[in-house]
Amino acid sequence: MKPEKITIRSLQEKKINKKKITMLTAYDYPMARLVDDAGIDIILVGDSLGMVVLGYDSTLPVTMEDMIRHTQAVRRGTKHALLVGDMPYKSYDTKEAAIANAKRFMEEAGCDAVKLEGGTESLEAAEIILNSGIPVMGHLGLTPQSIEKLGGFKVQGKTAEAAKAIIEDSKKLEKVGCFSIVLECVPSAIAKIITAEVKVPTIGIGAGVDCDGQVLVTNDMVGLFDRFVPKFVKQYIKLAPQILEGLLAYKKEVEDGKFPAEEHAFTIKQEELKKI
Ligand code: KIV
């Protein structure tokens with residue numbers, strides 16, 4: 001049975017019916033096809049692209065051009081999932097940039113929605129994008145684009161004051177009309193409170209089991225990116241060593257003259273060969 005096309009409405013119904021929402025990232029066509037075939041509800045072209053695909057130390061160098069190119073590839077591989085484009089660093093720091101760049105995700109890359117990071121400081125950007133009819137997903141807690149301000153990849157909301165600020169921000173994002181909120185690296189108890197207090201679905205990453213859904217960076221959970229593995233990541237498969245094994249076998253067979261074998265080569269009729 002083919003999975004239905006996921007919509008913002010169907011995600012909200014999942015929250016109401018207490019059905020968990022699944023979300024994963026993808027950055028290219030083949031992975032998008034696999035994630036979509038697995039029936040995952042939301043595919044995020046995350047700016048984690050910068051770290052797990054482009055090899056940067058943070059998400060900050062990722063540009064709109066990077067995001068549009070990769071999102072277009074993911075769009076070609078996505079049929080059923082809701083496709084969300086992640087607005088990169090500084091792409092929504094003015095009203096004009098926010099609206100122009102959100103439109104690019106929708107018009108040039110075929111997204112269903114965009115995501116942006118931050119609470120109070122990003123409300124104006126979220127509101128102006130929403131007012132133009134583009135659905136917005138919020139992102140609170142550990143927001144990697146503010147990594148310098150946050151002092152590193154650290155759990156957020158560990159004090160009552162910090163937790164209250166995240167709870168307040170989640171309500172503000174809901175009030176301006178965000179259709180969902182990612183909660184990254186916040187204590188499970190805080191994510192549980194937010195999930196109970198907002199009507200829109202919460203999607204957790206390092207935020208415990210009580211969120212309405214879960215998201216992971218696909219390259220982390222399939223073991224393709226192992227420069228470091230955050231505590232909240234579960235590696236369901238370890239692809240990197242399997243790929244390495246294949247690459248080493250290829251190298252050896254080429255060096256030993258065993259590859260290509262007859263079945264990988266093409267022939268020409270003897271009479272044609274003789275004419276040369
Ligand atoms: O960029 C990303 O992949 C993200 C997810 C971790 C939510 O923002």
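Visitor: How far from an oxygen atom of the ligand does a polar side-chain atom of Lys 115 lie?

Guide: The distance is 3.0 Å. Please keep in mind that this is a predicted model. A polar contact needs a pair of N or O atoms within 3.5 Å, so the Lys 115 pair qualifies.

Visitor: How much of the accessible area that the ligand has on its own does the protein cover?

Guide: The protein covers 95% of 260 Å². The residues that surround the ligand include Thr 25, Leu 44, Gly 46, His 139, Val 182 and Glu 184.

Visitor: Where does the ligand sit?

Guide: The ligand sits in the largest pocket. That wording requires more than half of its atoms to lie within 2 Å of the pocket's grid points.

Visitor: Why is Asp 86 called buried?

Guide: Its relative accessible area is 2%. Buried means under 20%, so Asp 86 belongs in that class. That area is computed with protein chains only as cover. Asp 86 is found in strand S3, residues 82-86.

Visitor: Which protein atoms does the side chain of Asp 86 reach?

Guide: The Asp 86 side chain reaches the backbone nitrogen of Asp 47 at 2.9 Å. It also makes a polar contact with the side chain of Lys 115, at 3.0 Å. Asp 47 is another of the residues surrounding the ligand.

Visitor: Why is the pair of Lys 171 and Glu 197 called a salt bridge?

Guide: The closest N and O atoms of Lys 171 and Glu 197 are 2.7 Å apart. The limit is 4 Å between a side-chain nitrogen of Lys or Arg and a carboxyl oxygen of Asp or Glu, so this pair passes. Lys 171 lies in helix H8 (residues 160-176) and Glu 197 in helix H9 (residues 188-197), so the bridge ties together parts 26 residues apart in sequence.

Visitor: What makes Arg 75 and Asp 112 a salt bridge?

Guide: Their side chains meet at 3.8 Å, N to O. The limit is 4 Å, so the pair counts. Arg 75 lies in helix H4 (residues 64-77), and Asp 112 in the loop between helix H5 (95-107) and strand S4 (113-115), so parts 37 residues apart in sequence are tied together. The relative accessibility is 22% for Arg 75 and 22% for Asp 112, and partly exposed is the label for each.

Visitor: How many salt bridges does the structure hold?

Guide: It holds 14. One of them joins Asp 256 and Lys 252, with the closest N and O atoms 2.6 Å apart. Asp 256 is partly exposed at 41% relative accessible area. Salt bridges that share partners also join Lys 5, Arg 75 and Asp 112 into one network.

Visitor: What makes the backbone of Lys 18 worth a look?

Guide: Lys 18 has a positive phi of about 55° although it is not a glycine. Most residues other than glycine have a negative phi. Lys 18 is found in the loop between helix H1 (8-16) and strand S1 (21-25). Its relative accessibility is 77%, and exposed means over 50%, so Lys 18 is exposed.

Visitor: What is the phi of Cys 185, and is this residue buried or exposed?

Guide: Cys 185 has a positive phi of about 50°. It is buried, with a relative accessible area of 10%. Its place is in the loop between strand S6 (180-184) and H9.

Visitor: Which peptide bond is described as cis?

Guide: The bond from Phe 259 to Pro 260 is cis, with omega near 5°. Pro 260 is found in the loop between helix H11 (239-255) and helix H12 (270-274).

Methods:
Residues numbered from 1 in each chain as written. Predicted model: local features only at pLDDT ≥ 70, side-chain atom pairs only at ≥ 80, totals over all residues. Heavy atoms only, no water. Helix = DSSP H or I, 4+ residues; strand = E, 2+ residues; numbered from the N terminus. Buried < 20%, exposed > 50% of the residue type's maximum accessible area, 1.4 Å probe, protein only. Near = heavy atom within 4 Å. Polar contact = N/O pair within 3.5 Å; in protein donor to acceptor, adjacent residues only side chain to side chain. Areas by Shrake-Rupley, 256 points an atom, 1.4 Å probe, with all protein chains shown as cover. 1 Å grid on protein atoms, 1.4 Å probe; cavity = no way out; pocket = protein on both sides within 12 Å on 5 of 7 lines; lining within 4 Å.
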